[in-house]
Amino acid sequence: MIRHLLSGADLDAGTATLVLDTAAEMATVAGREVKKLPALRGRTVVNLFYEDSTRTRISFEAAAKRLSADVINFSAKGSSVAKGESLKDTALTLQAMGADAVVVRHPASGAPHRLAEWVDGSVVNAGDGTHEHPTQALLDAYTMRSRLGRLDGLHVAIVGDVLHSRVARSNVLLLSTLGAKVTLVGPPTLIPVDIAAALAPGTDVCYDLDAVLPDVDVVMMLRVQRERMGDSYFPSAREYARRYGLDGPRMRRLPGHAIVMHPGPMNRGMEITPEVADSPRSTIVEQVANGVSVRMAVLYLLLGGNNR
Ligand code: NCD
């Protein structure tokens, strides 16, 4: 097993499949009255969050607790980070406290990679800047596999603000490893030139959402990340929604079996309408539930649940 999970590219097909299979076992714990396993008793997991987050932080916390680990939640607000402490000094503090795993979210792309050089424990990237978010890609792959029965040969459209999306990047890497085909869809200003080929050969780009819908098994809508952009990327929110938002009529162009995903948080009415988000094709709530099982699997495997 690998020591850190920093990128979707850290996982080969065998390891990624092991994570998904382990997550399926972990999911059975969620259905029990006592939702706890002793696997990580006595181990310490630190959640180090330098960026706002609701579901990802809670999901990692729930995952670590279900495995009986001791969990320390460290948020940059109200800590010495607010007093200017560097990432390195924070890392050394965590190290001194005996962290076995550090789950980190940071606005700077690459921060988890730096952290991995400074601590002895495992580092899990919970989202770094516009770079990567590998556990989101794993939970998305898990959700596709459980709804559609396979990943190999699936056609997945990832739609919207690809430029600022760490979710898109990690998904392209992982899905191509697992044999799915990805088409990136959005306005040209939000799909970096050459990104598709640079991330994974075989990834396509299309600027016309209506053209790809009849041909996909999965459509993954991305949040328009207004906090990371000025307003020059598209003419207006209304114009964006008209061209690239998923609404009821567009959803009905999908094949009957196709599913609709979104990592959350959603801008309802912008990239997705409530009719679509709340429809039976939507897996948005399942994705959140699956996130806990997948993160349990990641922590369990990284911390040597089966070989230490
Ligand atoms: C994503 C993130 O923070 O990268 N959300 C998440 O982790 N559930 C996507 C987003 O913020 O749009």
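In which helix is the place of Gln136? Gln136 lies in helix H5, residues 134-148, where helices (H or I, at least four residues) and strands (E, at least two) are DSSP runs numbered from the N terminus. The model is predicted: local features need pLDDT of at least 70, side-chain atom pairs count only at pLDDT 80 or more, and totals for chains, interfaces and linings use all residues. Residues are numbered from 1 along each chain as its sequence is written, and side-chain values use heavy atoms, with hydrogens and water left out.

**Annotated binding site**

- An unreviewed UniProt entry places the feature "binding site" at Arg55, Thr56, Arg105, His133, Gln136, Gly264 and Pro265; UniProt positions are given in the numbering used here, feature names are shortened, and annotations may be inferred rather than shown by experiment.

**Surroundings of the ligand**

- The residues around the ligand (a heavy atom within 4 Å of it) are Arg55, Thr56, Arg105, His133, Gln136, Arg166, Val167, Arg223, Gln225, Pro263, Gly264 and Pro265.
- Oxygen atoms of the ligand lie 3.0 Å from a side-chain N or O atom of Thr56 and 3.2 Å from a side-chain N or O atom of Arg105.
- A nitrogen atom of the ligand is 3.0 Å from a backbone N or O atom of Pro263.

**Two annotated residues**

- Arg105 belongs to strand E3, residues 101-106.
- With a relative accessibility of 7%, Arg105 counts as buried (under 20% relative accessible area; exposed is over 50% and partly exposed in between, with a 1.4 Å probe and protein chains only).
- Beyond its neighbours within four places in sequence, Arg105 has contacts (heavy atoms within 4.5 Å) with residues including Tyr50, Asp52, Thr56, His133 and Arg166.
- Gln136 is likewise buried, its relative accessible area being 5%.
- Leaving aside neighbours within four places in sequence, Gln136 is in contact with Val167, Pro263, Gln287 and Arg295.

**Helix H9**

- Tyr240, Ala241 and Tyr244 are the buried residues of helix H9, residues 237-244.
- Seen down the helix axis, the buried residues of H9 fall within an arc of 100°, so they line one face of the helix; the arc is that of the directions from the helix axis to the C-beta atoms.
- Arg238 and Arg242, on the other side of H9, are exposed.
- The buried residues of H9 pack against strand E5 (155-159), strand E6 (181-185), helix H8 (209-212), strand E8 (218-221) and helix H10 (248-251).

Key:
Polar contact = N/O pair within 3.5 Å; in protein donor to acceptor, adjacent residues only side chain to side chain.
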